[in-house]
Amino acid sequence: FDPLFKEVEGENVVGVVEPAGRVERQVVLVGHHDSAPIYPFYERAAILYPIRLLLPAALYLLCMAVLAIRLIGLASGADEHPAGWARGLLILGLAAVVPMYGFMSKRGSPGASDNLIGCGIALEAARALRGKLRSTRLVVLLADGEEAGQKGSRAFIRENADSLRSSPTNVLNFDTIVDDRDLTILSRDRNGLTPLSLAMARELRRAASDLGIEAAVKGMPFFGGGTDAGQFALAGIEASSIIGIPMSAVRREIVFHTSRDTPDRISRTAVASAIEIACEYVRRIDGLPASRPARGPARRAMSYPNAPGSGTIGSRRQP
């Protein structure tokens, strides 16, 4: 459907941290810097979102079925109209379909968790590792157009295909990090239909566990959306994502894609944990000794410079 919309220019931001020695492998740290428009379905009565999305889809399928039956009847010489119950359902269904025209607002969301924080995590992890790696190149990609079908990452893959295949490459994406209780390492992306690297997800979880951080390995649920990692996986590059939001379809509150997506909603603990996991994972790929895990509650004393402590990012809402 892209030709139906006005074309605009996007901008990817790319940085590279070279190792001390010869490059034997590379890790791409990804966060997307564009934010989505506000979704009114998320803003108001988020718990009803699955129903408000599924009802129009079900009615669309019913409409297609009625149309198919009608066409088959006409082709066979019959002139039967759809059953009264089917017509009644389609008419009543307008009450569910009409609101879909306002599914996306013209107002932009603040985008703190989706996904300014992912960009910050990628930059901080690269800063913490700069000058410490022996043979692993770090690439930081702050992608544009993620909310429009991951167009920035697709363009990056297309324009850097040779570089991405010049040495073994792993892609670690950060998206929607809000709460450390919801830290999840994705094994499947794009509504659960695109497999990511299960081996990489398990290694990330092992690194997290050794640091005393709890993180589950799960697939993105259907209707859960997708991340930039999915585009790299489609290109045959090992990739995984770290996210930090509830994975259930039914949620009482949704922060991302709403006017509430502000810095004060983000847990510093979640951000620090994502930075630590990324740094530990890259260190292990590079063959450096594993960090010594902290014990008990003192784990929040971070192992890496510039990693924030516990609490929330800010004490007040910001535009």
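Colleague: Let's start with the helix pair α5 and α10. Which residues of α5 meet which residues of α10?

Modeller: In this predicted model, the α5 side consists of I117, I121, E124, A125, A128 and L129. They meet V271, A274, I275, A278, C279, V282 and R283 of α10.

Colleague: How do you know which of these contact residues are nonpolar, polar or charged?

Modeller: By residue type: Glu and Arg count as charged, while Ala, Val, Leu, Ile and Cys count as nonpolar. The contact of α5 with α10 therefore divides into eleven nonpolar, no polar and two charged residues. As for spacing along a helix, an α-helix has 3.6 residues a turn, so residues three or four places apart point the same way.

Colleague: And what makes α5 oblique to α10?

Modeller: Their axes are 9 Å apart and the helices pack at an angle of about 45°. That makes α5 oblique to α10, because angles under 35 degrees would be roughly parallel and roughly perpendicular runs from 65 to 115. The crossing is right-handed.

Colleague: Then why are α8 and α10 called roughly perpendicular?

Modeller: Helix α8 (residues 198-210) and helix α10 (residues 268-285) cross at roughly 115°, with axes that come within 9 Å. The range for roughly perpendicular is 65 to 115 degrees, and α8 and α10 are therefore given that name. α8 passes α10 in a right-handed crossing.

Colleague: Which residues make that contact, and how do they divide?

Modeller: From α8 there are M200, E203, L204, R206, A207, A208 and D210, and from α10 there are I277, E280, Y281 and R284. They divide into six nonpolar, no polar and five charged.

Colleague: Moving to T194, is this residue buried or exposed, and how do you know?

Modeller: T194 has a relative accessible area of 6%. Buried means under 20%, so T194 is buried.

Colleague: T194 is in strand β6, residues 194-195. What makes such a run a strand?

Modeller: A strand is a DSSP run of at least two residues, and 194-195 therefore qualifies as β6.

Colleague: What makes the pair T194 and R190 a polar contact?

Modeller: Their side chains are joined at 3.0 Å, and the limit for a pair of N or O atoms is 3.5 Å. Beyond four places in sequence, T194 touches R188, D189, G230, A233 and L234.

Colleague: How do you know that S240 counts as buried?

Modeller: S240, in strand β8, has 0% relative accessibility. With the cut-off for buried at under 20%, S240 therefore counts as buried. Its contacts away from its sequence neighbours include V171, N173, I185, L196, M200 and A229.

Colleague: Why is V97 called partly exposed?

Modeller: Its relative accessible area is 28%. Partly exposed lies between the buried limit of 20% and the exposed limit of 50%, so V97 is partly exposed. V97 lies in helix α4 (residues 94-97), and outside its sequence neighbours V97 is in contact with P56 and L59. The C-alpha atoms of V97 and R52 are separated by 8.7 Å, although these residues are 45 residues apart along the chain.

Colleague: Now the backbone. What makes N191 and H257 worth a look?

Modeller: Most residues other than glycine have a negative phi, and most peptide bonds are trans. Yet phi of N191 is near 60°, and H257 has a positive phi of about 65°. N191 lies in the loop between β5 and β6, H257 in the loop between β8 and α10.

Colleague: Where is the cis peptide bond, and what is its omega?

Modeller: The cis bond joins D114 and N115, with omega about 10°. N115 is in helix α5 (residues 112-129).

Colleague: Last one: how many helices and strands does the chain have, and what share is buried?

Modeller: The protein chain has ten helices and eight strands, and 47% of its 319 residues count as buried.

Definitions and conventions:
Residues are numbered from 1 along each chain as its sequence is written. This is a predicted model: local features need pLDDT of at least 70, side-chain atom pairs count only at pLDDT 80 or more; totals for chains, interfaces and linings use all residues. Side-chain values use heavy atoms; hydrogens and water are left out. Helices (H or I, at least four residues) and strands (E, at least two) are DSSP runs, numbered from the N terminus. Buried means under 20% relative accessible area, exposed over 50%, partly exposed in between (1.4 Å probe, protein chains only). A polar contact is a pair of N or O atoms within 3.5 Å; within protein, one must be able to donate a hydrogen and the other to accept it, and residues adjacent in sequence count only if both atoms are side-chain atoms. Contact means heavy atoms within 4.5 Å. Axes are lines fitted to C-alpha atoms, for helices over the stretch in contact, and angles run from 0 to 180 degrees between N-to-C directions. Angles under 35 degrees count as roughly parallel, over 145 as roughly antiparallel, 65 to 115 as roughly perpendicular and the rest as oblique. A crossing is left-handed if the near helix is turned anticlockwise from the far one by less than a right angle, and right-handed if clockwise.
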